[in-house]
Amino acid sequence: MANPEYRSGVPDDWFIDPVRIGVPGVRQADEENPLAWQSDALCAQTDPEAFFPEKGGSTRDAKKICTGCEVRSQCLEYALANDERFGIWGGLSERERRKLRKRAV
Ligand code: SF4
């Protein structure tokens, strides 16, 4: 059962497709697929709803998972480059990514 603390609004396009991007440890070259790093994403093995909490909901569980994720930097770079507005990416919330982007300008 889903944790009521999280919304069920996980984006429809948020999924890890092992056919397109490979399986953990057998990643495609990044030039072939800019999302190839997702094959090693720890969040793919967890509840995706934790990464898209409702406004004001806790991000603690998702961020904790991110700290042990080996593709954290690729994930954050992708989110910043693609202006991902929702959810936890690379261990940072929308607000934290916005602050980081402002600091970089
Ligand atoms: S850093 Fe976090 S959000 Fe990004 S792939 Fe890893 S677990 Fe998922």
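Mentor: Leaving aside neighbours within four places in sequence, C66 is in contact with R72, I88, G90 and G91, where contact requires C-beta atoms, placed from the backbone, within 7 Å of each other. The model is a predicted one, in which local features need pLDDT of at least 70 and side-chain atom pairs count only at pLDDT 80 or more, while totals for chains, interfaces and linings use all residues. Residues are numbered from 1 along each chain as its sequence is written.

Trainee: Why is C66 called buried?

Mentor: A residue is buried if 20 or more other C-beta atoms lie within 10 Å of its own, exposed if 12 or fewer, and partly exposed in between; C66 has 22 such atoms within 10 Å, so it is buried.

Trainee: What makes C69 partly exposed?

Mentor: C69 has 18 C-beta neighbours inside 10 Å, and therefore counts as partly exposed, since that class lies between the limits of 12 or fewer and 20 or more. C69 lies in the loop between α2 and α3, where helices are DSSP runs of H or I with at least four residues, numbered from the N terminus, and C69 touches A41 and L42, not counting residues up to four places away in sequence.

Trainee: How do you know that C43, C66, C69 and C75 carry the feature "binding site"?

Mentor: UniProt, in an unreviewed entry, places that feature at these four residues, although annotations may be inferred rather than shown by experiment. They are spread over 33 residues of sequence, yet they cluster in space, with a largest C-alpha distance of 10.9 Å.

Note on methods: Contact = placed C-beta atoms within 7 Å. Helix = DSSP H or I, 4+ residues; strand = E, 2+ residues; numbered from the N terminus.
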